[in-house]
Amino acid sequence: MSPLVFMRRIAASPTTPTFHDRETPMTTMNSPAHSASPYRLDLTAYARRPLLEGPTPIQPLPWPGAGSGGVNIYVKRDDLTGLGGGGNKLRKLEFLVGEALAMGADTIITVGARQSNHARLTAAAAAQAGLRCELVLTRAVPREDREYLENGNILLDDLLGARVHDLPGTANALAFAQSRADELRGQGRNVYVCPLGGSSPVGCLGYAACAAEIMAQAHAQGLRFSRIVVPNGSGGMHAGLAAGFAALGIDPRLVLAHTVLANAQQAHAATLEKANQTLALIDPALRIEGPSIVIDETQLGEGYGIPTDAMREAVRLMASKAGLLLDPVYSGKAFAGLLQDVRSGRHAPGENVLFIMTGGLPGLFAYRSAF
Ligand SMILES: *Cc1c(COP(=O)(O)O)cnc(C)c1O
């Protein structure tokens, strides 16, 4: 992949700084490994409430047979984030809750499916920030069993003190959330509404910061990754990483996403748009082009939240061979895609591939019957 062919610089002006000549203070990470890194993004213009302990570890997968094609698989442990059971949404929530607090909000409302990890982590972040939280959850996944409806994330939402609105699968959750917000505003409350998956451009900044974190760690560990493999649900993680890499002058095609929600075409369009909206927050002179967003649809199966045999195999293998827990909706399907791509030779022998472990463990309890 040749650098700098993946995007064009728009409205080029001699005063526009490039990533080469930026010298911005390192504000997001403080470890010596990071301060020595040339990979920095200045996101200090955006309010941020720290919810992570620091960089999450990158570890070699403790299971040499995983590749069986001579591929070196590494895992980035975004599941090892402490608050509310952890998971990838905490990176977005650092900026979302930061913005909510900066706006003086006293209440946060978000939307999702019944077993949304994002909803659970929003409830946790809100609890910790002293904000009230309401969750508008739809029965978008065709499941009526008690485990799906009552266990896993939904149990935790309740313990975390959130008020849950239970809507049918066909409902427009965001419209409901907006009208509920208006109702609360009428009562004098200051409400912050956060979209599906926390994937507003501001939320996506969390994964732009993660792109810099990954490059800094790879630099410090002397590693070069040929691919970073992720699930794509609401697309915010993928979009944020793509924006972060582009802002660092690195080809966003480094990221290979397995869609678990939309078909490839829709996921591509939505992710590209979000990536450019996010990039505009970092450097308005940059844009990402369509080919920079790489999405694979082979693991989607019958749709969002519906188990596949490949997902079951991936979750079982990762647990029984490496002691690591994937989730049934996102990371299980994405890791199934990685295994398939190793077996088919899409990832070549000797390559280093980084898989982002995104959390979602509570989902396993809602999907007991799937295993
Ligand atoms: C939300 C989520 C994802 C996908 O992230 P998006 O930004 O929505 O694409 C992946 N894994 C887990 C466990 C999640 O909860």
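The conversation below concerns a predicted model of a protein chain with a ligand.

Visitor: How many helices and strands does the protein chain have?
Guide: In this predicted model, the protein chain has 12 helices and 12 strands.

Visitor: What percentage of the residues is buried?
Guide: Of the 371 residues in the protein chain, 52% are buried.

Visitor: And of the contacts between residues at least 6 apart in sequence, what share joins residues at least 24 apart?
Guide: That share is 81% in the protein chain.

Visitor: Let us turn to the ligand. Which residues are closest?
Guide: The closest are Asn117, Gly233, Tyr330, Thr358 and Gly360, and 21 residues surround the ligand. The elements that give two or more residues to this shell are helix 3 (117–129), strand 8 (227–232) and helix 8.

Visitor: Which element gives the most to the shell?
Guide: Helix 8 does, with 3 residues.

Visitor: What is the make-up of the shell by class?
Guide: The shell around the ligand has 16 polar, 3 nonpolar and 2 charged residues.

Visitor: Which domains does the shell draw on?
Guide: At least three residues come from each of domain 1 (24–85 + 200–370) and domain 2 (89–198).

Visitor: Back to helix 8. How many residues does it have, and what does it reach from end to end?
Guide: Helix 8 covers residues 236–247, which is 12 residues. From its first C-alpha to its last it reaches 16 Å, close to the 16 Å expected at 1.5 Å a residue.

Visitor: Why is helix 8 described as largely enclosed?
Guide: Helix 8 is largely enclosed by the rest of the structure because 12 of its 12 residues are buried. Among them are Met237, His238, Leu241 and Phe245, together with several glycines and alanines such as Gly236 and Ala239.

Visitor: What about helix 6, and what follows it?
Guide: Helix 6 (residues 173–186) has 14 residues and reaches 20 Å between its first and last C-alpha, close to the 20 Å expected. Just after helix 6, Gly188 has a positive phi of about 90 degrees.

Visitor: Now strand 8. Are its faces covered or open?
Guide: Both faces of strand 8 are covered. Arg227, Val229 and Pro231 are buried on one side, and Ile228, Val230 and Asn232 are buried on the other.

Visitor: Why do the residues split into two sets like that?
Guide: In a regular strand the side chains alternate between the two faces of the sheet.

Visitor: Which strands pair with strand 8?
Guide: Strand 8 pairs in the parallel sense with strand 12 (residues 352–357) over 3 bridges, and also in the parallel sense with strand 9 (residues 255–259) over 5 bridges. Val229 has Phe355 as its bridge partner in strand 12, while Ile228 stands opposite Val255 in strand 9.

Visitor: Next, helix 9. What do its buried residues pack against?
Guide: They pack against helix 7 (201–221), strand 8, helix 8, strand 9, strand 10 (286–288) and strand 11 (294–296). The buried residues of helix 9 include His268, Leu272, Lys274, Asn276 and Ile282.

Visitor: Which span should helix 9 have, and what do its ends show?
Guide: The 19 residues of helix 9 (residues 264–282) should span 27 Å at 1.5 Å a residue, and the end C-alpha atoms are 26 Å apart, which agrees.

Visitor: What does Arg91 touch?
Guide: Not counting residues up to four places away in sequence, Arg91 touches Leu52, Gly206, Tyr207 and Cys210. Arg91 and Gly203 are 7.8 Å apart in space, C-alpha to C-alpha, and 112 residues apart in sequence.

How values were computed: Residues are numbered from 1 along each chain as its sequence is written. This is a predicted model: local features need pLDDT of at least 70, side-chain atom pairs count only at pLDDT 80 or more; totals for chains, interfaces and linings use all residues. Helices (H or I, at least four residues) and strands (E, at least two) are DSSP runs, numbered from the N terminus. A residue is buried if 20 or more other C-beta atoms lie within 10 Å of its own, exposed if 12 or fewer, and partly exposed in between; C-beta atoms are placed from the backbone. Two residues are in contact if their C-beta atoms, placed from the backbone, lie within 7 Å. The expected span of a helix is 1.5 Å times one less than its number of residues. A residue is near a molecule or strand if its C-beta atom, placed from the backbone, lies within 6 Å of it. Ala, Val, Leu, Ile, Met, Phe, Trp, Tyr, Cys and Pro count as nonpolar, Asp, Glu, Lys and Arg as charged, and the others, Gly among them, as polar. Domain bounds come from an automatic or database domain assignment. Two strands pair if DSSP finds at least two bridges between them.
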